[in-house]
Amino acid sequence: MAEEPQNGNGGAATTPAADAADAVATAASAVVTFTAVKPQLFVEAPKGNEAVKFYKDAFGAEEVKRVNHPKRKAEQEIPLILSVELKIGSSSFIVADLTDEDSSAPVKIASTGCVFCLETENVDAAVSKAVAAGAVAEGEITEGDVADGGACCGVGVGKLKDPFGNVWMICSSSSPVKKSE
């Protein structure tokens, strides 16, 4: 009977490829728990501070943490923002300045291609507050359920575009009320 090759520790010898495959299999079967999702909104530099102020004024966002760019140009009056973490309710998101010179930025355009949904009990007041802060309302506040061509996430929904091109849906946090026939 042939004997398996032994490594220096008395175990069977393996190849680097087999070790790598075992490591990948172990990692793939590991339980991974995420604790949060934090979308990052890029705005054209140097409008990051302006965006932070807008989100505070329009949505009552609270600033959690700020990191300014360490290599600020001397002629800039306002430091560039690497990241500002903002919190609305129990959710957080990050705002950052996007520059043409920043080769490490994960995106090169300021549009996000996604929609953010904020839930509230007072859609009318939330939309009015955001418009007063500089957002543009897109259409009227819709009421009813999806089957009636109405709101997607509650009894009422208003759609806004912020001054930086991001789309926000302001939705009621109540479930649609079913009509009796």
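The side chains of Lys56 and Glu63 form a salt bridge in this predicted model, with N and O 3.0 Å apart; the term denotes a side-chain nitrogen of Lys or Arg within 4 Å of a carboxyl oxygen of Asp or Glu. Glu63 also meets the side chain of Arg66 in a salt bridge, at 2.9 Å from N to O. Through these shared partners, Lys56, Glu63 and Arg66 are joined into one network. Relative accessible areas were computed with a 1.4 Å probe on protein chains only, residues being classed as buried under 20%, exposed over 50% and partly exposed in between. On this scale Lys56 is partly exposed at 31%, Glu63 is partly exposed at 32%, and Arg66 is likewise partly exposed at 32%.

Five salt bridges are present in the structure. One of them pairs Lys38 with Glu85, the closest N and O atoms lying 3.0 Å apart. This pair connects distant parts of the chain, 47 residues apart: Lys38 belongs to the loop between α1 (16-29) and β1 (40-44), whereas Glu85 is part of strand β3 (residues 81-88). Lys38 is partly exposed, with a relative accessibility of 39%, while Glu85 counts as buried at 11%.

Numbering starts from 1 along each chain as its sequence is written. Because the model is predicted, local features require a pLDDT of at least 70 and side-chain atom pairs count only at pLDDT 80 or more, whereas totals for chains, interfaces and linings use all residues; side-chain values use heavy atoms, with hydrogens and water left out.

The secondary structure comprises three helices and nine strands, taken as DSSP runs numbered from the N terminus (helices: H or I, at least four residues; strands: E, at least two). From the N terminus on, the elements follow the order α-β-α-β-β-β-β-α-β-β-β-β. Of the 181 residues of the chain, 29% are classed as buried. Leu41, in strand β1, is buried, with a relative accessible area of 0%. The C-alpha atom of Leu41 is separated by 6.0 Å from that of Ile94, although the two residues are 53 apart along the chain. Contacts were defined by heavy atoms within 4.5 Å. Of the contacts between residues at least 6 apart in sequence, 52% join residues at least 24 apart.

The largest pocket has a volume of about 190 Å³. A pocket is an open set of points on a 1 Å grid over the protein atoms alone, where a 1.4 Å probe fits, with protein on both sides within 12 Å along at least five of seven lines; lining residues have an atom within 4 Å of a point. The volume is the space filled by probe spheres set on the points, which are joined across faces, edges and corners. The lining consists of Val37, Pro39, Ile88, Ser91, Ser92, Phe93, Phe116, Cys117, Leu118 and Trp168. Strands β4 (91-98) and β5 (115-120) each contribute at least two of the lining residues. By class, the lining has eight nonpolar, two polar and no charged residues (nonpolar: Ala, Val, Leu, Ile, Met, Phe, Trp, Tyr, Cys and Pro; charged: Asp, Glu, Lys and Arg; polar: the others, Gly among them).

The predictor's confidence in each residue is expressed as pLDDT, from 0 to 100. The chain averages 77, and 69% of the residues score at least 70. The pLDDT is below 50 over residues 145-151, a stretch with 16 contacts in the model beyond near neighbours in sequence. Residues 176-181 also stay under 50, with six contacts beyond four places in sequence.
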